[in-house]
Structures are given as structure tokens and as C-alpha cells.
Amino acid sequence: MKNNTIQRAIIASILSITATSWAQTSVGLGRADFRDNCASCHGHSGRGDGPVQSFLVKPPSDLTTITQRHGGKFPQELMWEVIDGRWSGDGGPHGSREMPVWGQEFKARAMTQPGDSATIAEWSARNRIVSLLKYLETIQRP
């Protein structure tokens, strides 16, 4: 019985440390992905003032007010769908919208080596979307 309790305590502490590291890494990855993939349209601050915004038909959203626009709650599922974009159909890298279909793009980027697994690439794409969501939550204005 003692060994079982000790094992559970060890597993719980490992999971706790891993979860903390994961959260920090996820926000960092989200910040880097935002800078590399989103800031050209949405701006470095996320306010829709990126250097290419004047060339777009529809102005990019102010991403710092997502929570305000949704009654004080960050809409995780909606934002997942917007970032992933694969729900909108396969119409090239941008689908039927100006914003890139990041789920498709991130998955393709993960499939760079021969023999790469589509399952691993899908999880990589999902991780990057979760990371972007975590980062976007940190830039919300009160």
C-alpha cells in the first residue's frame, strides 16, 4: 500500500511540473508563432495594425478585445475554429477567407521529413493552435 501511495505522489509531482512547464512553453510558442505568422496583419500588439493591413480587403481584427466582444469570456472554441480554419473547406492556403488556414499550414510544416507521421503532424498543428490561444488570452485588454 505504501509503494502505491509513493508512486501516486511521484506521478502527481511529475505531472504538476510538466503541466507548469507546458503552460510556459505553450505561451512562448504562441508568442513566437504570433510574431512569425500573425503580426504582419494583426500587428505586434495584436490591434490589427500590422504592416500589410492596408493591402487587405477586410481589416484585421483587434485581437486584444476578443474577451470584451464576447461578454468577458475568451471564446476558446470559436477562436480555435477561426485559427484552425479547416472547417471552411479546402480552397488553398487561405480557404475562402483572407486569413490563412493555420491548421492546414501548421500540419504541412510538421510533415517536412520523409516518413513523418500524419498523426504526429496533426498533434503538432493542434499544439501550435493551443499555444496561440494561450498567447491571445495573455494580450486581452480588461
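**Pocket lining and helix crossing**

The lining of the largest pocket comprises 17 nonpolar, 6 polar and 4 charged residues (Ala, Val, Leu, Ile, Met, Phe, Trp, Tyr, Cys and Pro count as nonpolar, Asp, Glu, Lys and Arg as charged, and the others, Gly among them, as polar). The model is predicted: local features need pLDDT of at least 70, side-chain atom pairs count only at pLDDT 80 or more, and totals for chains, interfaces and linings use all residues. Residues are numbered from 1 along each chain as its sequence is written, and side-chain values use heavy atoms, with hydrogens and water left out.

**Largest pocket**

- The largest pocket holds about 630 Å³ of space.
- Among its 27 lining residues, H42, P60, S61, V82 and M99 are the closest to the centre.
- Helix α1 (2-42) gives the largest share of the lining, 6 residues.
- At least two lining residues each come from α1, α2 (66-69), α3 (76-84) and α5.

**Crossing of α4 and α5**

- The axes of α4 (residues 102-110) and α5 (residues 118-138) come within 8 Å and cross at roughly 130 degrees.
- The two helices, α4 and α5, are therefore oblique to each other (angles under 35 degrees count as roughly parallel, over 145 as roughly antiparallel, 65 to 115 as roughly perpendicular and the rest as oblique).
- From α4, G103, F106, K107, R109 and A110 meet residues of α5 that include A118, E122, R128 and L132 (contact means heavy atoms within 4.5 Å).
- By class, this contact of α4 with α5 has 7 nonpolar, 2 polar and 4 charged residues.

Note on methods. Axes are lines fitted to C-alpha atoms, for helices over the stretch in contact, and angles run from 0 to 180 degrees between N-to-C directions. Helices (H or I, at least four residues) and strands (E, at least two) are DSSP runs, numbered from the N terminus. On a 1 Å grid over the protein atoms alone, a cavity is a set of points where a 1.4 Å probe fits but cannot get out, and a pocket is an open set with protein on both sides within 12 Å along at least five of seven lines; lining residues have an atom within 4 Å of a point. Grid points are joined across faces, edges and corners, and a volume is the space filled by probe spheres set on the points.
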